[in-house]
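Here is a short tour of one structure.

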Amino acid sequence: MSAIQPGPEAPAGATPLLEVRDLATWFESDRGLVHAVDGVSFTLERGRTVGIVGESGSGKTVLTRSIMGLLPKSGVRRQGSIRFEGVEIGSAPPRQMRKYWGAHMGMVFQDPMTSLNPVMKVGHQITESIHAHLDVSRTFARELALSLLESVRVPDPQRRMDEYPHQLSGGLRQRVCIAVALACGPQLLLADEPTTALDVTVQAQVLDLLEAQQRERFMALALVTHDLGVVAGRADEVIVMYAGQVVEKAATATLFSDMKMPYTEALLHSIPTIDQPSHTRLSAIPGRPPDLVHLPTGCRFAARCAYVQDRCLEEQPPLRPGATPGHEFRCWFPVGTPEGQAARARNEGVEQR
Amino acid sequence: MAGTGTAHLRAESDVLLRVEDLVVEFHVDGGRVKAVSGISLDLVEGETLGLVGESGCGKSTTARAVMQLPRPTSGRVRFDGVELTELKGDALRRIRPRMQMIFQDPISSLNPRRKVGTIVAEGLDIWGTGDAGSRRARVDEMLGAVGLDPDSTRNRRPHEFSGGQCQRISIARAVITEPKLIICDEPVSALDVSVQAQILNLLEDMKQRYDLTMLFIAHDLAVVKNVSDRVAVMYLGKLCEVGPPDQLYERPAHPYTAALLAAIPVPDPASRLDDAHVLGGDIPSNLDPPSGCRFRTRCPKAQARCADEEPSIREVGPGQYVACHFPLAPGEAIEFAATA
């Protein structure tokens, strides 16, 4: 596979691999503009893993599709910049994006059944992408595909090459999808809920595989998920999204030990864990996310927040820095601060009266 | 593992539901799918039994066979003193209001062309319970009980609601016929985590308020632990282990239970699992399941005996039953090969 290894590592201080600045992706609908992604910025360096966490409608999928240039042709309004190795690709037409797909950035989708071609043999799906980017012979491409299947730990790869996707289990299909995405040695891999459709033991296998490949190839990996548990042990940095915005961003250890955004805290506390005794009452987040067409004036989480005050309803909090470098959050009354504790205590007092 | 036996069943006089040696097989091209191969379960009144396992283990098929939808290939299902497998036609129909089901996908399990009020009232309308006025009052009461405002929901259709709200409507529809038993088949796996907690709390409330007994099926072990009084682990159509949740999760005796627990991603960066705890390989085909213990092909503790002889279920601790020839001792760690 040496033929398709990415080029020499960029020198320190060079441009980041991926730089997203103030990205907004809005969709036109009968009801008005849907603010799916609304001013998102982040950078991702080679060899790093970022976890992008959010619930349905938080904009995490539209964000990754915007980066890949996989948005519908019409009815979309886009703003902001996406730079890949310093080159602006945010407004690149699909014709131009084609040379990035596969060769520079790969993507793994949630449902491995619908993202593979059902009438094409597994081997062919991998060699198709190899032929698109590399000028190699058919024999060489096939050997390459075989070694890729081996590296993603598909048992008996020789036989699997000539099978169709429906003959494989969900876990094997997702391994094939990963092999397709890795075929031309991309520097960036976007994985959108890669394990959500898989069983828990298979999920662990696939996440381990992604991590091993990322390390081996010094790729950048964006791991998009709704599950804080999936990113906790695997991402270097975590971005929490809510209603199209980044609401908290921090190094993984900082996020879990010193979270400042009430939404992050509420999300973590609403997950049942196996350490709690059975019948533990869960701290559910009341209500549901706001309508992305008619967004509230103030903080987008205010209506569901345990810390909410009048200011939150009137004024949208900006992303502001936390104590640790790289930590940012969007809140007027942050978790664990005196003003946050006072705000929460006031709300609890009102409820009791 | 994955054995048979009835050692874990309790005295028949105490239980609301008793499933014995349930077998469900389907004909397909090229053979017979052995979806459920000799499962025995029971439920004491007011209890929640959590049934866990990965896709294809037969947990949904078990639930449907209890409902006689379709009827099991063999085995007995005794509900409130009545043998369901012997009931036919009208007699079976009359039992149905007393056992209701809640499904995974709340949106597709509600008729999109009906109004919410009609959907919730359907069980009462079919049985002609009370007059129109009392039925309507009952619908309002149920909608209120699941946390929806009757006046603003009654005349709307399912597509106007979110997944979480549709699941609330499904719960109202299930509980309105005053069932004794509710079978929940992955009721929260299509929901976002913040909404999942709301629905789990609601199910606990409804259970208390309406004296329900619950068979709760899910693949998420943490969710199952949260709601259950007793947990049963399934693999490839067989039962592996049954026990009280706190004990079972603390000291799994079956290697497969240990593997499931080890694979759960924990939202804490400090508790990373290492590769040795990840179960390798895939679930074998249930057209031709392994001989003896069905888990033996992926089990690091498997011996020759596991291929020859199917383990039968036996007690290993107070209330904890396991179908394994070589169960884990308390605190015994287990290492899985990285690949299989």
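In this predicted model, chain B has an open sheet of 4 strands in the order 2-1-4-5, with antiparallel pairing. Strand 2 (31-44) and strand 5 (82-83) of chain B sit at the edges, so to speak: each pairs on one side only. Strand 4 (residues 74-79) of chain B is joined to strand 5 of chain B by 2 bridges, and the two run antiparallel. If you want to find one of these links, look at Arg78(B), whose bridge partner in strand 5 of chain B is Glu83(B).

Now for the place where the chains touch. Chain A puts 42 residues into the contact and chain B puts in 39 residues. On the side of chain A, helix 8 of chain A gives the largest share, 6 residues.

Here is that side of chain A, sorted by class:

| Class | Residues on the side of chain A that touches chain B |
|---|---|
| Nonpolar | 18 residues |
| Polar | 17 residues |

Let's zoom in on one helix pair. Helix 8 (residues 200-217) of chain A packs against helix 10 (residues 255-263) of chain B at an angle of about 50 degrees, with the axes 8 Å apart. The two helices are therefore oblique to each other, and their crossing is left-handed. Val200(A), Thr201(A), Gln203(A) and Ala204(A) meet Ala259(B), Leu260(B) and Ala263(B) here.

Key. Residues are numbered from 1 along each chain as its sequence is written. Chains are lettered from A and ligands numbered from 1 in the order in which they are written. This is a predicted model: local features need pLDDT of at least 70, side-chain atom pairs count only at pLDDT 80 or more; totals for chains, interfaces and linings use all residues. Axes are lines fitted to C-alpha atoms, for helices over the stretch in contact, and angles run from 0 to 180 degrees between N-to-C directions. Angles under 35 degrees count as roughly parallel, over 145 as roughly antiparallel, 65 to 115 as roughly perpendicular and the rest as oblique. A crossing is left-handed if the near helix is turned anticlockwise from the far one by less than a right angle, and right-handed if clockwise. Two residues are in contact if their C-beta atoms, placed from the backbone, lie within 7 Å. Ala, Val, Leu, Ile, Met, Phe, Trp, Tyr, Cys and Pro count as nonpolar, Asp, Glu, Lys and Arg as charged, and the others, Gly among them, as polar. Two strands pair if DSSP finds at least two bridges between them.
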